[in-house]
Amino acid sequence: MRIEQELKLGFKDVLFRPKRSTLKSRSQVNLTRDFTFKHSGRQWSGVPVIAANMDSVATFDMAAALAEHNVMTAVHKHYSVDDWKTFIDGADSKTLNNVMVSTGTSESDFKKTQDIMAMTDEIIFICVDIANGYSEHLVEYVTKVRAAFPDKVISAGNVVTGDMVEELILAGADIVKVGIGPGSVCTTRVKTGVGYPQLSAIIECADAAHGLGGRIIGDGGCACAGDVSKAFGGGADFVMLGGMLAGHEESGGETVEKEGKTFMKFYGMSSESAMAKHSGGVAKYRAAEGKTVLIPFRGSVHETISDILGGVRSTCTYVGAARLKELTKRTTFIRVQEQENNVYGKE
């Protein structure tokens with residue numbers, strides 16, 4: 001047993017230090033990033049925010065809506081091949097270019113991914129997603145997927161330390177998904193005692209990935225637009241959002257009427273709700289590691305995503321970053337013990 005004494009930070013532990021800026025308006029800030037990916041050599045241009053691959057968030061409807069903002073969606077893995085065919089037949093190129101096909105690591109998952117990717121050349125992203133990215137099986141699976149899809153952009157995770165980021169990139173991943181336990185409906189840290197504060201995970205994993213020419217996704221922990229900015233400031237190339245994009249008409253969650261108000265069900269993908277829906281219940285050898293909550297129905301996602309992106313633009317103006325790419329270079333975080341004045345409650 002050993003103990004690491006260095007303090008690790010979450011988003012609530014820091015604020016940006018403002019810097020002199022020549023920008024007159026947030027309208028001058030460009031949030032588009034242009035990437036060329038290490039293994040596939042593919043190029044992509046867009047706003048590097050991603051709807052998390054949860055079935056109460058990342059639906060086909062969400063993908064179509066977010067694509068209008070040049071934002072990505074990691075479509076959840078529970079759609080059938082026929083569902084995908086219907087979607088692909090009706091989607092435009094911009095939507096398909098901003099979609100990730102999510103997959104697990106079983107043989108049936110691999111065959112399903114092959115079937116989906118064979119339908120169109122316009123989808124270039126594959127998201128290999130398991131809760132514990134420290135499994136040797138994930139590394140082997142990434143190598144297998146890379147061999148089968150040499151020209152596709154492969155994301156794999158989730159991990160929180162630089163050593164595993166490097167191993168996954170060397171195995172063939174272009175992007176590594178970073179985050180264990182920070183999500184709003186994730187209870188992994190409570191059930192297992194395992195995790196890593198998300199900002200420190202992003203900072204350390206970004207350093208490891210960028211040294212090898214890879215990229216990372218900061219996955220989880222964002223509760224407001226300022227957290228999204230902090231993830232980018234810490235070095236994340238992409239930021240994945242779950243709870244912030246849940247509860248919308250495009251989210252696909254179950255609607256519940258309660259005391260005259262409309263709510264939508266939102267749950268973690270390792271929760272009892274998710275396993276009951278997709279796996280016939282919680283297996284005897286495991287525990288549910290997610291919660292189920294009701295969140296107020298929030299209407300269309302367009303206003304929400306515009307507000308999030310507006311917040312990030314505003315961050316950039318405070319630190320003098322004309323482009324999102326410059327944000328991490330212009331970032332100085334200060335340690336704090338308070339974030340906001342809540343005398344009248346949260347917004």
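UniProt positions are given in the numbering used here, feature names are shortened, and annotations may be inferred rather than shown by experiment. I am working from a predicted model, where local features need pLDDT of at least 70 and side-chain atom pairs count only at pLDDT 80 or more, while totals for chains, interfaces and linings use all residues. Residues are numbered from 1 along each chain as its sequence is written, and side-chain values use heavy atoms, with hydrogens and water left out.

**Annotated sites**

UniProt, in an unreviewed entry, puts it at Gly-181 and Gly-183. I found Gly-181 in the loop between strand 8 (175-178) and helix 7 (188-192). Helices (H or I, at least four residues) and strands (E, at least two) are DSSP runs, numbered from the N terminus.

Is Gly-181 buried or exposed? Gly-181 is buried, at 13% relative accessible area. Buried means under 20%, exposed over 50%, and partly exposed in between (1.4 Å probe, protein chains only). Gly-183 sits in the loop between strand 8 and helix 7 and is partly exposed at 26%.

The unreviewed UniProt entry also lists Cys-186 as "active site". I located Cys-186 in the loop between strand 8 and helix 7. Its relative accessibility is 26%, so I noted it as partly exposed. Gly-181 touches Cys-186, Thr-188 and Arg-189, leaving out residues up to four places away in sequence. Contact here means heavy atoms within 4.5 Å.

**Helix 5**

Next I checked helix 5, residues 136-148. Its 13 residues reach 19 Å from first C-alpha to last, close to the 18 Å expected at 1.5 Å a residue. That expected span is 1.5 Å times one less than the number of residues.

Which residues of helix 5 are buried? They are Leu-138, Val-139, Tyr-141, Val-142, Val-145 and Arg-146. Seen down the helix 5 axis, these fall within an arc of 165°, so they line one face. The arc is taken from the directions from the helix axis to the C-beta atoms. The face turned away from the buried side carries the exposed residues Glu-136, Glu-140 and Ala-147.

I then listed what the buried residues of helix 5 pack against: strand 5 (99-103), helix 4 (107-117), strand 6 (125-129), strand 7 (153-159) and helix 6 (162-171). Ser-135 caps the N-terminal end of helix 5, with a side-chain oxygen 3.1 Å from the backbone nitrogen of His-137.

Thr-105 also touches this helix region. I found Thr-105 in the loop between strand 5 and helix 4, buried at 15% relative accessibility. Beyond its neighbours within four places in sequence, Thr-105 contacts Val-128, Ile-130, His-137, Leu-138 and Tyr-141.

**Asp-237**

Where is Asp-237 found? Asp-237 lies in the loop between helix 9 (225-233) and strand 10 (238-241). Asp-237 is buried, at 2% relative accessible area. Its side chain makes a polar contact with the side chain of His-210 at 2.8 Å. A polar contact is a pair of N or O atoms within 3.5 Å; within protein, one must be able to donate a hydrogen and the other to accept it, and residues adjacent in sequence count only if both atoms are side-chain atoms. Asp-237 and Ile-175 are 62 residues apart in sequence and 9.0 Å apart in space, C-alpha to C-alpha.
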